[in-house]
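This report walks through one protein model. Have the sequence and the coordinates open while reading.

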Amino acid sequence: ENPNIAHESEHAQAREALKKYLHYFERWENHARSMKLEAVTLEKIKNRIQEKVMSSCGTWIDWQYLFDAASLLAKCRYTLQYTYPYAYYIDPSPTKQLFEYQQAQLEAEIENLSWKIEHAETTDRGDLENQMDIAEKRRTSLLKDFLSS
């Protein structure tokens, strides 16, 4: 066998391994960054609730759902962030395809929830609470189906 061809093959394999690693690491890191931004959002929500309560626009309990939504968003992001190292180690198979499909579904619901929290002043409370329910169901389904075994 030609040593140059074998050497090129090793380089190609190394390049593919690096590409795979970077793919999953970048997604993990993006969610780590998003979690830091969500912490800022949570503080803004606390302040916004405090302002509403102080200006007699309801009680803390009336606005608790915003705080609950932000807390759920952080929990969902944390879950999603740590699905990427898990996915990295799954061998290509139909199971991995299903896992990545559910992962993508959770990510889409998280982004919807994040948008609705950011626009909570103009979003219907029922719509936000419905989105919270959908996101939590996606999160628990992913954990139950794949990470409990």
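## Basis and confidence

Contact means heavy atoms within 4.5 Å. Among contacts between residues at least 6 apart in sequence, 71% join residues at least 24 apart.

The model is predicted: local features need pLDDT of at least 70, side-chain atom pairs count only at pLDDT 80 or more, and totals for chains, interfaces and linings use all residues. Residues are numbered from 1 along each chain as its sequence is written, and side-chain values use heavy atoms, with hydrogens and water left out.

The predictor's confidence in each residue is pLDDT, which runs from 0 to 100. Its mean over the protein is 90. A value of 70 or more is reached by 95% of the residues. Among the elements, helix 1 has the lowest mean, 88. Helix 4 (residues 94-118) has the highest, 94.

## Overall layout

The protein has 5 helices and 0 strands. Both are DSSP runs, numbered from the N terminus: helices are H or I with at least four residues, strands E with at least two. The pattern along the sequence is α-α-α-α-α.

The radius of gyration is 21 Å, whereas a compact globule of 149 residues would have one near 15 Å. The radius is taken over C-alpha atoms, and the globule rule is 2.2 Å times the number of residues to the power 0.38. Along the principal axes, the C-alpha atoms fill a box of roughly 80 × 25 × 25 Å. Of the 149 residues, 30% count as buried. Buried means under 20% relative accessible area, exposed over 50%, and partly exposed in between, with a 1.4 Å probe and protein chains only.

## Helices 4 and 5

Helix 4 has 25 residues and reaches 36 Å from its first C-alpha to its last, close to the 36 Å expected at 1.5 Å a residue. Helix 5 (residues 125-147) has 23 residues and reaches 32 Å, close to the expected 33 Å. The expected span is 1.5 Å times one less than the number of residues.

Buried residues of helix 4 include Phe 99, Leu 106, Ile 110, Leu 113 and Ile 117. In helix 5, Leu 128, Gln 131, Met 132, Ala 135, Arg 139, Leu 142 and Phe 146 are buried. Their cover includes helix 2, helix 3 (83-89) and helix 4.

## The nonpolar core

A nonpolar core is a set of buried Ala, Val, Leu, Ile, Met, Phe, Trp, Tyr and Cys residues joined through side-chain atoms within 4.5 Å. The largest one has 26 residues, of which Leu 66, Leu 113, Ile 117 and Leu 128 touch the most other members. Each of helices 1, 2, 3, 4 and 5 supplies at least two residues of this core. Helix 2 gives the most, with 9.

Leu 113 touches Ala 69, Leu 72, Leu 73, Leu 128, Gln 131, Met 132 and Ala 135, not counting residues up to four places away in sequence.

## Loop and cysteines

Ser 56 lies in the loop between helix 1 (3-54) and helix 2 (60-81). Its phi is positive, about 60 degrees, although Ser 56 is not a glycine. Most residues other than glycine have a negative phi. Ser 56 is exposed, at 66% relative accessible area.

Cys 57 is partly exposed at 41%. Cys 76 is buried at 0%. The structure holds 0 disulfides, a disulfide being a pair of cysteine sulfur atoms within 2.5 Å.
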